[in-house]
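Come along and look things up with me.

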Amino acid sequence: RDLTPAAMGGKDAGKKSKENGGKTSTDESLGMSSTERILRRIHDLYEKGLVHSDGTEKDGGSVGILEIASDPLLRLTDVHKPRKKVNVMIIGNHSAGKSSFINWYIGEDVQTTGVAIETRGFTYVTSGRKRETLKGDATFAFYDHIDGLAQFKGITENVFTEISTSKSKNFSCVDLLDSPGLVDGEMEYPFDVVESIVWLADHVDMILCFFDPIGQALCKRTMTAVERLNERHAEKLHYYMSKADQVEKEHDRQRVLIQITQNLAGRIKNSHAFKLPTIYLPRDGASSSQANIPNALEEVCEDVDKAIRLTVQKNLTTMKDDCAKILKSIDDAHDLDARRRKENNARAVKGWAFTFVGWCVASVLAYVALCETFAFGPVTATVKNHLLPFARQRDHDVLEATLEAFLPDVDSTTGLMKKRWLGVPHGGAYAMLLLAGVLGFVEYVKRATWKFEPTMTKRDAKRMAGYRAYVQELGKVREELYREYFKGLSADRD
């Protein structure tokens, strides 16, 4: 792809883009945190390429990392677009406060809460420009990385997305995933809830596991889900005893904590580092005894913030690795092109050699065919009685010598024609058959030899050179993003 302004619409296109979208993009970026800007910038580098601060493309013709990676000469299938938000899934038993926590975190009541089993499906809660609800297929279209979730029968109708305009905390950098409340007994789910949770765990960055001290914190489904998640995602799991304010007596809380810990001990990895802090949502009119209950709610927010920071670092590292893959792939493409050109040259030499051999065999075959033709009785008589006298009368010495050379020799004593081909009957026919076979074989080998491997055109080489310079410039952009990230960390400490 041509990276010049003319190829992408020229200066007019860039100017129009600035006029239409520049102000909006700048206004949006002013309201972002540094981490959100970095995550979005990395995402844009993969999709759009280098852009100005106002959102317009640099030089009017940038390409994204994904488009470069998918170039036919590179074909990098292991380069994927990093998500611009951290995905946090919340699991737990029924009435563990999952939906209430989401409403508190974003400062808006988007999820229904209550004692009844309100959440029977999965709900993504994300930030956007306007309040909206997406259902089923719309959610799969919005989150294309979870297409595979549709393999679970009955789940499509139970997947939703709630888009909120909230700017609370770091919500703009987080997608919160509310899961169905887990219960035992005769409760029937329209899909395999545990397997769905395990599948989604592959596509989230963090899993918050809430245990309700009053409800079914130790229900079999919850314990099964925790055990399955620990098989592959132990590092993503964070455990909390929610609604701790509903157990006012200290010894009762300790008893519940011990029960939960004992039930989890055999199901989790790294149990020596296991923590189960108590959390509860702040509410008006709380008693003095409730105020003394330890509340690690801010630690939950800090864990989410830490996941965001780690995602920034991971995405920057991924970008570095992907750029290195592209540069290596470009070098490999040039090496392959050089080898193919060398091999093609060798094939050309062999091809011309086989062509020459083919011409020689064809000439011998033609000679034998002429000899056999002139040895045929009617042809021999015609040449002796008509063509030779004609050549002698007109003094065509060359023609005369040629005709005599192809005519069979005559024995002077007997007047009969001498036998050719070492006296082998029909030797000429056998010789022609053999030569025809050799010629066919030579032609086959020649055609196989002349098959050249495709090589880079001048346009391809120019495109690869453009990609190299472009990716090297992305390395400088990555350094700028790291400086912005460190600057943001310094500001947070201050």
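This is a predicted model: local features need pLDDT of at least 70, side-chain atom pairs count only at pLDDT 80 or more; totals for chains, interfaces and linings use all residues.

**Entry 1: α11 against α12**

From α11, I noted Val383, Leu387, Leu388, Ala391 and Arg392, which meet Leu399, Glu400, Leu403 and Glu404 of α12. I sorted the residues of this contact by kind and got six nonpolar, three charged and no polar.

Next I looked up how the helices lie. Helix α11 covers residues 377-393 and helix α12 covers residues 397-406; their axes come within 8 Å and cross at roughly 155 degrees. An angle over 145 degrees counts as roughly antiparallel, and therefore α11 and α12 are roughly antiparallel to each other. I also wrote down that the crossing of α11 and α12 is left-handed.

**Entry 2: α10 against α13**

How do the axes of α10 and α13 cross? I found that helix α10 (residues 297-374) and helix α13 (residues 427-449) have axes that come within 9 Å, with a crossing of roughly 160 degrees. That makes α10 roughly antiparallel to α13. The residues of this contact divide into 18 nonpolar, five polar and four charged. For handedness, my note on α10 and α13 reads left-handed.

**Entry 3: α4 against α10**

I stayed with α10 and turned to its meeting with α4. The axes of α4 and α10 come within 12 Å and cross at roughly 75 degrees. Angles from 65 to 115 degrees count as roughly perpendicular, so α4 is roughly perpendicular to α10. On the α4 side I listed Phe101, Trp104 and Tyr105; on the α10 side, Leu297, Glu298, Val300, Cys301, Val304 and Asp305.

**Entry 4: Aromatic rings**

Phe101 and Tyr105 made me curious about rings. A pair of aromatic rings is described by the distance of the centres and the angle of the planes. The count comes to 15 aromatic pairs. One of them joins phenylalanine 101 and tyrosine 105, with 6.0 Å from centre to centre and 35 degrees between the planes, and this pair is tilted.

Where do phenylalanine 101 and tyrosine 105 lie? I found both in helix α4 (residues 98-106), four residues apart, about one turn of the helix. Are phenylalanine 101 and tyrosine 105 buried or exposed? My note says that both are buried. I then saw that Phe101 and Tyr105 form one aromatic cluster with Trp104, Phe210 and Tyr240.

**Entry 5: Two lysines with positive phi**

I moved on to the backbone. Most residues other than glycine have a negative phi. Lysine 169 is not a glycine, yet I read a positive phi of about 45 degrees for lysine 169. I located lysine 169 in the loop between β4 (159-164) and β5 (174-178). Lysine 169 is partly exposed, with a relative accessible area of 40%.

Lysine 243 also has a positive phi, of about 55 degrees, although lysine 243 is not a glycine. I found lysine 243 in the loop between β7 (237-241) and α8 (250-265). With a relative accessible area of 22%, lysine 243 is partly exposed.

**Entry 6: The whole protein**

Last, I stepped back. I noted 14 helices and seven strands in the protein. The protein has 494 residues, and 41% of them count as buried. Among contacts between residues at least 6 apart in sequence, 76% join residues at least 24 apart.

Technical notes:
Residues are numbered from 1 along each chain as its sequence is written. Side-chain values use heavy atoms; hydrogens and water are left out. Axes are lines fitted to C-alpha atoms, for helices over the stretch in contact, and angles run from 0 to 180 degrees between N-to-C directions. Angles under 35 degrees count as roughly parallel, over 145 as roughly antiparallel, 65 to 115 as roughly perpendicular and the rest as oblique. A crossing is left-handed if the near helix is turned anticlockwise from the far one by less than a right angle, and right-handed if clockwise. Contact means heavy atoms within 4.5 Å. Ala, Val, Leu, Ile, Met, Phe, Trp, Tyr, Cys and Pro count as nonpolar, Asp, Glu, Lys and Arg as charged, and the others, Gly among them, as polar. Rings of Phe, Tyr and Trp (its six-membered ring) pair if their centres lie within 6.5 Å; planes under 30 degrees apart count as stacked, over 60 as edge-to-face and the rest as tilted. Buried means under 20% relative accessible area, exposed over 50%, partly exposed in between (1.4 Å probe, protein chains only).
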